[in-house]
Amino acid sequence: MIRVLIADDQAMVRQGFGALLAAQPDLLVVGDAADGAQALAAARHLDPDVVLMDVRMPVMDGLEATRKLLGDRSAQRPRVLILTTFDLDDYVYEALRAGASGFLLKDAPAADLVQAVRVVAAGDALLAPAVTRRLIAEFAARPDRRRPRPTDLAGLTPRETEVLRLIARGRNNAEIAGDLVVAEQTVKTHVGRILAKLGLRDRAQAVVLAYETGLVAAGE
């Protein structure tokens with residue numbers, strides 16, 4: 001059973017998403033929150049597997065709540081799926097940098113929301129939509145002194161670097177295995193080593209890092 005917490009400042013959104021998810025046999029809505037501070041407190045108390053986190057909320061926005069939640073080493077950290085009305089938003093990009101596992105537009109079909117929760121709960125990143133890669137490319141292209149440098153990838157082997165490049169282009173493990181003519185389990189091993197070497201939580205952060213270091217450029 002996947003435990004879900006819904007954080008959104010609009011009661012109708014919380015109720016609608018809650019009813020949709022509660023109707024699924026493998027999903028359990030354990031609670032909801034009307035702002036980021038409530039979301040943070042509820043997540044620590046209710047121990048959800050996935051938090052649906054709205055970006056724009058009062059008291060504490062979804063970005064700050066995500067940073068605090070995923071930066072808390074003393075607690076079990078859930079997967080965070082960012083909900084937004086806008087497909088190009090500084091907050092969404094920063095949330096991905098903070099460790100969110102992906103994002104979904106609020107007007108996405110109901111089936112997409114259900115599948116998104118299952119995907120991130122399984123430990124994958126929701127990076128398939130082209131809009132996600134466009135968002136990352138857009139903000140990674142902006143000058144920022146805090147960004148990683150290409151030398152930060154020096155610890156990767158040539159094959160690991162190739163796998164990271166394919167991850168950043170939105171390829172899943174099966175597709176990467178086909179591209180490289182190797183077993184899918186071999187790809188999983190490479191992905192695990194890449195995340196461990198770079199100190200990353202999941203594929204979403206790997207994609208961000210690949211763009212920020214210039215390993216992958218917008219439009220490739």
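1. Basis. This is a predicted model: local features need pLDDT of at least 70, side-chain atom pairs count only at pLDDT 80 or more, and totals for chains, interfaces and linings use all residues. Residues are numbered from 1 along each chain as its sequence is written, and side-chain values use heavy atoms, with hydrogens and water left out.

2. Overall. The chain has 10 helices and five strands (DSSP runs numbered from the N terminus; helices are H or I, at least four residues, strands E, at least two). Of its 220 residues, 49% count as buried (under 20% relative accessible area, 1.4 Å probe, protein chains only). Among contacts with a separation of 6 or more, 67% come from residues 24 or more positions apart (contact means heavy atoms within 4.5 Å).

3. Helix pair. Helix 2 (residues 36-46) and helix 3 (residues 62-71) have axes that come within 8 Å and cross at roughly 25° (lines fitted to C-alpha atoms over the stretch in contact; angles run from 0 to 180 degrees between N-to-C directions). The two helices are therefore roughly parallel (angles under 35 degrees). Helix 2 supplies G36, L40, A43 and R44 to the contact, and helix 3 supplies A65, K68 and L69. By class, that is four nonpolar, one polar and two charged residues (Ala and Leu count as nonpolar, Lys and Arg as charged, Gly as polar).

4. T213. This residue sits in the segment after helix 10 (203-212). T213 is buried, at a relative accessible area of 6%. A polar atom of the T213 side chain lies 3.3 Å from the backbone oxygen of A210.

How values were computed:
Parallel < 35°, antiparallel > 145°, perpendicular 65-115°, else oblique. Buried < 20%, exposed > 50% of the residue type's maximum accessible area, 1.4 Å probe, protein only. Polar contact = N/O pair within 3.5 Å; in protein donor to acceptor, adjacent residues only side chain to side chain.
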